[in-house]
Amino acid sequence: MTLEEDDSTWLIELESALLDGCTPCEINLITKGKRIPENLRPDVWLVCLNCQEMGNQLLLFDEVFDLPNQNELRDDVKKFVQKLDNDDDEKLSVISDIESIITFYCKSKSHNYASNNGWIEILFPLLSLKLPRGDTYNLFEKVIKLYIPNGCVSNGVPFHILRLIIQYHDPELCSFLDTKRITPEQYCMPWLRSLFSGTCSLEVVLFMWDLYFQRSDPFFIFFLCLIMIINAREQLLQMKNEDKATIIKVLSGMPRDLEANDISDFCSLAHYYSLKTPVSFREDVIDVLYSNSGVEINSKLYSQALCLPVAVHELIETATVDVADADTVKFFLVDCRPAEQYNAGHLSTAFHLDCNLMLQEPNSFNTAVQGLLNAQQQALAAGSLAAGEHLCFVSSGRTEEDSYAHMVVASFLKKNTKHVSMLDGGFVAIHDYFGPHMTDCLEDHNTNMCLVCAPNNNNNGNKPAENRPRDNAPAIQLFSKLSSAMKAKSQEVKGKLIEYIVNPTSQANNGDWHVSANDRKEQRYRNVPPVFSINDEDEDSYSDNRRDVSNNDNLDEMVDIKNFLQGPNIVNNFTCQEVLSNGYMFDSHLVVTETHLIILREIPNKKGVAKVLSRRPLSTIVKITAKKRHPELITFKYGVPDGDNLLIKDMDRFLIPNAAVATKIVSNQIVSQLDNKLQ
């Protein structure tokens with residue numbers, strides 16, 4: 001059979017299927033990514049968008065054009081149509097159709113029209129099908145309802161979600177854009193609002209929508225955006241010396257370079273990346289982005305996420321899938337809880353990386369990380385059920401330890417490690433998932449020591465998880481068998497790790513860390529608890545928004561570090577790392593003057609230059625604390641005495657290699673300043 005005969009065969013098959021009332025999936029199987037011919041495209045799109053039986057809704061239109069901003073809509077339509085190559089008569093017809101359809105849509109759906117919302121651009125490819133106006137309206141309504149994500153506005157959820165996807169697949173490129181303070185909304189708002197019809201040629205859009213609608217997957221637009229960005233990564237990374245506006249202009253214009261011949265490969269790559277993205281994340285965000293419930297979306301869930309979250313059911317179920325299944329995301333599980341929690345129960349496929357190592361034994365932590373990466377490669381080579389190219393970190397699911405787990409994850413992201421995710425809910429989610437079967441499914445589970453079973457062991461106050469019955473029987477049975485079957489294999493691989501993974505049990509410093517007794521001025525703090533101390537209590541929560549350089553477009557004070565440190569009134573300075581509550585760490589300098597504590601944050605790519613984050617009067621420091629287990633992690637709390645209590649108004653946290661010296665100098669300087677006031 002010749003190629004021509006083969007081509008005509010699939011076309012005949014497609015025509016026959018359309019007459020018989022086929023589904024989008026059946027169309028996809030017949031076309032296999034080929035471009036739909038013009039004569040069949042209208043019928044294919046009507047099937048894919050389920051518009052065949054909708055009738056002519058425009059019969060209800062009263063032909064009254066009286067929207068509050070009707071003139072704005074009319075002007076926008078005219079400006080758009082003037083750019084087209086159609087003759088004048090066709091232009092008048094297009095103007096009439098677009099204004100009528102959008103006006104009726106706004107009235108019937110109680111929506112408001114806004115310039116640049118993408119509706120005009122969406123209508124143009126639909127009008128090219130030359131369908132009756134009623135069918136065109138139905139297609140338009142379905143595209144808006146099914147394929148345009150909610151929240152395509154400034155600081156909208158879709159753009160935070162796209163950033164998480166970019167970070168997951170290309171953390172280096174994501175970090176570059178973050179450093180330049182470039183967010184997805186600044187370049188891809190039109191992409192999402194119009195499904196690329198506002199930026200690509202008509203020929204390209206028609207072919208792209210052929211493939212897009214056959215998939216019946218609204219989330220696919222995010223992978224098309226991802227490919228657009230990753231495809232230009234080399235060009236973008238070479239623009240490190242260009243200003244923000246220039247880079248945004250390049251990003252925004254990339255879809256214009258697409259040609260029809262590129263679309264098949266473009267969509268195939270997007271499909272590949274969709275397969276390499278955790279399914280549970282996509283399922284969760286589809287509910288958020290394409291829901292018609294009208295519930296307002298909490299953008300903070302996604303804007304403040306450290307990395308892409310994975311649901312517990314996917315983590316457990318994929319652990320029981322044959323590694324040979326190439327289309328399934330396979331996770332290499334990293335349990336980064338403290339050693340005592342890990343030893344009280346864990347998944348048999350999990351490899352332990354104690355989050356405390358990062359602060360207690362940095363060298364051992366780095367060695368352990370290298371060991372885990374080696375073990376990951378060994379597991380992949382051996383075809384182990386513990387194998388996976390995607391790293392999923394498991395925290396405790398409790399606030400106190402999770403801040404340290406976040407630091408561990410942030411360290412992997414800082415090294416541009418691909419495919420990094422965290423288990424949503426941490427170990428608590430695993431514990432709850434297995435319910436009454438946890439003893440069978442968890443390795444070394446000790447109900448007396450497990451902090452989910454016995455939360456009072458740590459005075460955390462969390463209630464133990466209820467052993468609720470779940471519809472998890474298949475996964476539980478599989479994992480229960482896996483737990484015993486994995487022991488031999490797991491021990492074999494872990495044996496190779498013994499030289500890498502270390503969990504030092506350093507002696508806790510049981511003494512309080514105070515200013516010397518002779519120096520303490522009781523009248524200053526009026527019987528308030530000790531100001532300078534080591535403790536193991538949960539630190540108060542605080543906001544890092546004002547500390548985030550990437551979100552601050554104000555003109556900040558920049559200084560030459562060397563010259564600044566040689567200035568007058570400088571008592572001492574300490575190289576350190578500022579630690580945010582989400583785990584991110586920034587190279588910084590803690591500068592002690594006679595009256596202030598000054599915080600300098602180094603500027604990436606500008607050697608020797610720092611931003612002055614804050615100048616804290618020493619008189620506002622009411623407490624300096626350090627963790628017993630992490631004596632180099634110091635928290636400065638600022639506030640005022642309030643009766644017999646302290647009113648904490650803000651705080652800073654630092655990892656200071658010379659913490660004992662630094663805190664002694666700060667505390668002595670506070671006392672010295674107080675003495676001067678009392679004289």
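The exercises below, each with a worked solution, concern a predicted model.

**Exercise 1.** Determine whether Arg337 is buried or exposed, and find which partners its side chain meets through polar atoms.

*Solution.* Begin by locating the residue: Arg337 sits in the loop that runs between strand 2 (331-335) and helix 19 (339-342). Next, take its relative accessibility, which is 2%, and compare it with the cut-off of under 20% for a buried residue, so Arg337 counts as buried. Then turn to the polar atoms: the side chain of Arg337 makes a polar contact with the side chain of Asp335 at 2.9 Å, and a polar atom of the Arg337 side chain lies 2.7 Å from the backbone oxygen of Gly345. Finally, beyond its neighbours within four places in sequence, Arg337 is in contact with residues including Tyr342, His352, Asp354, Ser395 and Phe427.

**Exercise 2.** Work out in which order the strands of the open sheet are arranged, and which strands stand at its edges.

*Solution.* The sheet is built from five strands in the order 1-5-4-2-3, with parallel pairing. Strand 1 (308-310) and strand 3 (351-352) each have a single partner strand, and therefore one side of each is left without a neighbour in the sheet. Further in, strand 2 pairs with strand 4 (residues 390-394) over five bridges in the parallel sense, and Phe332 stands opposite Leu391 in strand 4. Helix 22 packs on the sheet, where it touches strand 4 and strand 5 (420-423), and its direction makes about 165° with that of strand 5.

**Exercise 3.** Identify which residues of helix 9 (residues 171-179) are buried, and which helices they pack against.

*Solution.* The buried residues are Pro171, Leu173, Cys174, Phe176 and Leu177. These buried residues of helix 9 pack against several helices, among them helix 8 (157-169), helix 12 (220-230) and helix 22 (399-414). After helix 9 comes Arg181, which has a positive phi near 60°.

Technical notes: Residues are numbered from 1 along each chain as its sequence is written. This is a predicted model: local features need pLDDT of at least 70, side-chain atom pairs count only at pLDDT 80 or more; totals for chains, interfaces and linings use all residues. Side-chain values use heavy atoms; hydrogens and water are left out. Helices (H or I, at least four residues) and strands (E, at least two) are DSSP runs, numbered from the N terminus. Buried means under 20% relative accessible area, exposed over 50%, partly exposed in between (1.4 Å probe, protein chains only). A polar contact is a pair of N or O atoms within 3.5 Å; within protein, one must be able to donate a hydrogen and the other to accept it, and residues adjacent in sequence count only if both atoms are side-chain atoms. Contact means heavy atoms within 4.5 Å. Two strands pair if DSSP finds at least two bridges between them. Axes are lines fitted to C-alpha atoms, for helices over the stretch in contact, and angles run from 0 to 180 degrees between N-to-C directions.
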